[in-house]
Amino acid sequence: MNHLPKKLPIQIHTMQKDTVLFELINKELSRQRNGIELIASENFTSLQVLQAMGTVPTNKYAEGYPGKRYYGGCEIVDEIETLAIERLKKIFNCSWANVQPHSGAQANGAVFLAVMKPGEKFLGLDLSMGGHLTHGSPANFSGKTYHALHYGVTKEGIVDYEQLETIARKEKPKMIICGASAYSRDWDYQRIRAVADEIGAIVFADIAHPAGLIATGLLNDPFEHCHIVSSTTHKTLRGPRGGIIMLRHDFENPWGLKTPKGATRTMSNLLDLAVFPGSQGGPLEHIIAAKAVAFGEILDSSFKMYGQQVIQNAQAMAKAFVDRDYNLISNGTDNHLMLIDLRNKNLTGKKAQETLDKANITLNKNAVPFDDKSPFVTSGIRVGVPAVTTRGLQPKDMETIVSMIDKVLMNCEDEKQIDAVKQEVKSFMQAFPLYPELP
């Protein structure tokens with residue numbers, strides 16, 4: 001006998017609002033509004049990007065690619081994903097793009113899966129010198145699965161291209177990675193491609209940090225010199241959190257790379273297969289919708305003005321730090337961030353981060369080149385300006401921010417002084433409003 005009720009008593013549209021969760025979200029909104037956000041990998045999306053993330057494509061499974069899905073009912077999400085792809089291709093003048101990776105790390109993982117076999121050699125910037133976890137850290141899949149080799153930076157804090165070339169010629173890695181997580185200077189992609197061609201290596205550029213500045217022509221273009229390019233979609237691109245992979249020129253690969261069935265394919269096919277089904281299942285079509293919105297914003301002429309403002313703000317902030325005798329790695333910046341060695345201030349990166357948190361100034365501890373402290377303590381901090389630039393701050397405001405940072409760091413044990421700066425920060429940021437109230 002069937003004892004199920006004829007009508008379920010709880011319907012989605014009549015469920016009580018989760019006040020506990022939304023109170024926490026509003027607390028986070030308040031934290032963002034009242035603080036100074038200087039984490040170089042963070043930014044604030046537009047309201048329409050936020051709105052797109054909370055839409056009904058989240059309900060749709062869409063394994064595969066537009067026109068080649070494993071489920072029915074994908075006609076509309078095919079259009080959404082195609083829109084994102086076409087806008088991204090236009091931004092970077094590319095012939096192919098994949099917008100499905102859930103993060104930059106997953107985009108990089110797919111590149112490895114497409115072009116490398118376990119145990120094969122690749123060459124990347126050492127994490128302790130400003131590289132990224134996915135560029136060969138022994139704690140990461142890239143260092144566990146493949147044979148990671150590393151180059152570093154000079155004592156001046158500039159990529160050591162001579163060391164890169166020496167290692168490349170000696171070890172003949174299958175792939176060379178250019179890109180970083182904490183490096184304030186532009187890259188010589190042409191020089192890296194020259195040595196790669198000499199030894200027959202793939203060049204892979206991870207532009208997660210400077211992508212927005214590259215998109216607007218403010219930094220060197222990696223696409224003509226690098227076979228494969230990946231990025232995140234947040235940071236300087238100011239979109240939702242996610243990853244992308246791009247090719248300016250597709251090609252029949254000269255490395256004899258094979259699919260599991262043994263058929264040699266174009267690089268675009270290999271990369272598509274490495275994302276799905278190689279490393280991900282169903283894509284997040286609501287996030288892809290938000291990526292499409294962000295890409296549309298990047299194509300607007302105002303975005304180049306934003307990029308120019310980012311560089312101006314970063315350089316103004318760098319000068320303000322140098323004027324206060326802070327030791328900037330490479331003595332300045334070409335992009336959106338700077339790396340600061342605090343040893344001459346008798347501070348660790350951990351202490352600086354934790355103390356500034358109390359004043360609602362957010363940045364991160366970071367290892368500096370030739371650091372003598374553990375990665376959990378570090379001798380430095382990484383500082384970036386994409387988020388404060390989005391909120392409308394100008395070069396003159398960078399002096400104010402650095403003054404507040406200095407006041408906190410030079411009074412690390414003075415809780416009264418730290419609290420006074422916290423109030424100063426809150427008052428200062430009220431002139432730069434962020435988002436309307438949540439419903």
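How do the residues of the lining of the second largest pocket divide into nonpolar, polar and charged? They divide into eleven nonpolar, seven polar and six charged, where Ala, Val, Leu, Ile, Met, Phe, Trp, Tyr, Cys and Pro count as nonpolar, Asp, Glu, Lys and Arg as charged, and the others, Gly among them, as polar. A quick heads-up: this is a predicted model, in which local features need pLDDT of at least 70, side-chain atom pairs count only at pLDDT 80 or more, and totals for chains, interfaces and linings use all residues. Residues are numbered from 1 along each chain as its sequence is written, and side-chain values use heavy atoms, with hydrogens and water left out.

**Pockets**

- Rolling a probe the size of a water molecule over the atoms shows where empty space is left.
- Here the search runs on a 1 Å grid over the protein atoms alone: a pocket is an open set of points with protein on both sides within 12 Å along at least five of seven lines, a cavity is a set of points where a 1.4 Å probe fits but cannot get out, and lining residues have an atom within 4 Å of a point.
- Grid points are joined across faces, edges and corners, and a volume is the space filled by probe spheres set on the points.
- The largest pocket holds about 880 Å³ of space, and its lining takes in 41 residues, with Leu127, Gly131, His132, Leu133 and Ser181 nearest the centre.
- Helix H4 (104-115) and strand S14 (364-366) are the elements giving two or more residues to that lining; helices (H or I, at least four residues) and strands (E, at least two) are DSSP runs, numbered from the N terminus.
- Sorted by class, the lining of the largest pocket has 13 nonpolar, 19 polar and nine charged residues.
- Back to the second largest pocket: its volume is about 680 Å³, and 24 residues line it, of which Gln32, Thr45, Leu50, Met53 and Tyr435 lie nearest its centre.
- Helix H1 (19-34) and helix H2 (47-53) each supply at least two residues of the lining of the second largest pocket, and H1 gives the largest share, six residues.

**Cavities**

- There are three cavities of 30 Å³ or more.
- The largest cavity has about 110 Å³ of space and is lined by 17 residues, with Tyr183, Arg185, Trp187, Pro210 and Asn335 nearest its centre.

**Strand S9 and Ser231**

- All five residues of S9 (residues 228-232) are buried, so the strand is largely enclosed by the rest of the structure; buried means under 20% relative accessible area, exposed over 50%, and partly exposed in between (1.4 Å probe, protein chains only).
- Ile228, Ser230 and Thr232 point one way from S9, while Val229 and Ser231 point the other way.
- S9 pairs with strand S8 (residues 202-206) in the parallel sense over three bridges, and with strand S10 (residues 243-247) in the antiparallel sense over four bridges; two strands pair if DSSP finds at least two bridges between them.
- Ser231 has a relative accessible area of 1%, and beyond its neighbours within four places in sequence, its contacts (heavy atoms within 4.5 Å) include Gly104, Ile207, Leu237 and Met246.

**Thr134**

- Thr134 sits in the loop between strand S5 (121-125) and helix H5 (141-145), and at 1% relative accessibility it counts as buried.
- The side chain of Thr134 makes a polar contact with the side chain of His132 at 2.7 Å; a polar contact is a pair of N or O atoms within 3.5 Å, where within protein one must be able to donate a hydrogen and the other to accept it, and residues adjacent in sequence count only if both atoms are side-chain atoms.
- Setting aside neighbours within four places in sequence, Thr134 is in contact with residues including Ala105, Phe112, Ile177 and Asp206.

**A four-stranded sheet**

- An open sheet runs in the order S11-S12-S15-S14 with antiparallel pairing, and its edge strands, S11 (327-328) and S14, each pair on one side only.
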